[in-house]
Amino acid sequence: MASKIIFLGTGNALVTKCYNTCFALQNGEEFFLTDAGGGNGILAQLEKASIPVTQVHSLFLTHSHTDHILGVIWVIRLAASLFTRGKHTGLTIYCHDECEEKLRAFCRMTLTAKLQAVLDNGIRFVRLQDGGNFSASGFACTAFDIHSTKTKQFGYRAVLPDGQTLVCLGDEPYNPLCQQYAQQADWLLSEAFCLYSQKEEFKPYEKHHSTALDAARTARELNAKNLILYHTQDDCLPERKRLYTAEASREFAGRVLVPDDLETVLL
Ligand SMILES: [Zn+2]
């Protein structure tokens with residue numbers, strides 16, 4: 001059976017008209033989450049996408065910014081609670097050292113003693129190094145440091161059960177130091193903060209972000225087959241798909257996808 005990707009959120013940190021960027025990879029009955037947005041809204045998005053938390057057994061956290069990490073606390077809280085009642089078999093969180101330390105600190109500060117007792121038992125951490133391999137819900141992945149200019153951040157390259165490859169570049173522009181991990185992907189996931197034509201309005205470069213046009217150039221250079229754009233502004237959501245696709249298609253001849261929240265793509 002083909003894998004699927006379900007976009008739970010597609011916006012950047014400060015959006016109000018959609019959820020922050022995070023997604024689930026589906027392999028049969030299993031779901032592998034990447035990031036969880038900025039809060040309790042992750043539980044609503046999972047429910048709307050008909051993803052039972054009991055079927056989420058792995059989660060990758062890219063970095064510790066609010067719009068990525070805070071939703072993870074809610075997933076941990078719910079999974080831990082289900083685990084104490086024998087209704088969850090355990091959640092494994094894959095991330096680098098900084099993320100693990102911050103998640104553990106948030107858990108200490110915000111979860112009950114009963115739920116904290118589930119850490120390292122029902123909720124397990126796998127600490128990743130740059131270039132480290134891990135297997136999550138049947139996806140064979142390699143984590144890599146995206147060489148962020150802001151805070152330590154990892155992306156990953158996943159091999160899907162059918163042999164296709166998917167690369168998550170995190171939420172910053174591609175750095176050529178990651179070429180070995182990012183090139184020749186069947187599916188390349190890149191942030192696009194806004195359109196190139198909006199760069200004076202939204203100033204993506206000052207914030208270390210890309211435009212749809214820049215992401216398309218990267219996809220062309222890396223020889224990607226399909227380009228997925230997310231982590232965008234929410235100023236033009238009803239028109240976003242059309243506008244971002246048109247701009248990216250000027251530089252990239254492959255397929256460009258600009259998913260809405262809760263959209264599913266067959267991989
Ligand atoms: Zn972000």
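Reader: What covers the buried residues of H7?

Author: In this predicted model, the cover of the buried residues of H7 includes S11, S12 and helix H8 (237-249).

Reader: Which residues of H7 are buried?

Author: They are Ala212, Leu213, Asp214, Ala215, Ala216, Thr218 and Ala219. A residue is buried if 20 or more other C-beta atoms lie within 10 Å of its own. Seven of the ten residues of H7 are buried, so H7 is largely enclosed by the rest of the structure.

Reader: Where does helix H7 lie, and how does it run relative to S12?

Author: Helix H7 (residues 212-221) lies across strand S11 (187-191) and strand S12 (226-230), and its angle to S12 is about 150°. Just after H7, Asn223 has a positive phi of about 60°.

Reader: What is the order of the sheet that holds S11 and S12?

Author: The order is S7-S8-S9-S10-S11-S12-S13, an open sheet of seven strands with mixed pairing.

Reader: What makes S7 and S13 edge strands?

Author: Strand S7 (133-136) and strand S13 (255-257) each have a single partner strand, so one side of each is left without a neighbour in the sheet. From one strand to the next, the twist averages 25°.

Reader: How do you know that S9 and S10 pair, and in which sense?

Author: Two strands pair if DSSP finds at least two bridges between them. Strand S9 (residues 154-159) and strand S10 (residues 165-168) have four bridges, in the antiparallel sense. Tyr156 stands opposite Cys168 in S10.

Reader: What joins S7 to S8?

Author: S7 and strand S8 (residues 139-145) pair over four bridges in the antiparallel sense. Ser135 has Ala140 in S8 as its bridge partner. The hairpin of S7 and S8 has two residues between the strands, and Ser137 takes a positive phi near 50° there.

Reader: Why are H1 and H2 called roughly perpendicular?

Author: The axes of helix H1 (residues 41-48) and helix H2 (residues 66-84) come within 8 Å and cross at roughly 65°. Angles of 65 to 115 degrees count as roughly perpendicular, and H1 and H2 are therefore roughly perpendicular to each other. In the contact, Gly41, Ile42 and Leu43 in H1 meet Gly71, Trp74, Val75 and Leu78 in H2. The residues of this contact divide into five nonpolar, two polar and no charged.

Reader: Why are H2 and H3 called oblique?

Author: The axes of H2 and helix H3 (residues 97-110) cross at roughly 55° and come within 10 Å. Roughly parallel needs an angle under 35 degrees, and roughly perpendicular needs 65 to 115. H2 and H3 are therefore oblique to each other, and the crossing is right-handed.

Reader: Which residues of H2 and H3 meet?

Author: Ile69, Val72, Ile73 and Ile76 in H2 meet Cys99, Lys102, Leu103, Phe106, Cys107 and Thr110 in H3. The contact of H2 with H3 has eight nonpolar residues, one polar and one charged.

How values were computed: Residues numbered from 1 in each chain as written. Predicted model: local features only at pLDDT ≥ 70, side-chain atom pairs only at ≥ 80, totals over all residues. Axes fitted to C-alpha atoms, helices over the stretch in contact; angles between N-to-C directions. Contact = placed C-beta atoms within 7 Å. Parallel < 35°, antiparallel > 145°, perpendicular 65-115°, else oblique. Nonpolar A, V, L, I, M, F, W, Y, C, P; charged D, E, K, R; others polar. Buried ≥ 20, exposed ≤ 12 C-beta atoms within 10 Å, placed from the backbone. Left-handed = near helix turned anticlockwise from the far one by under 90°.
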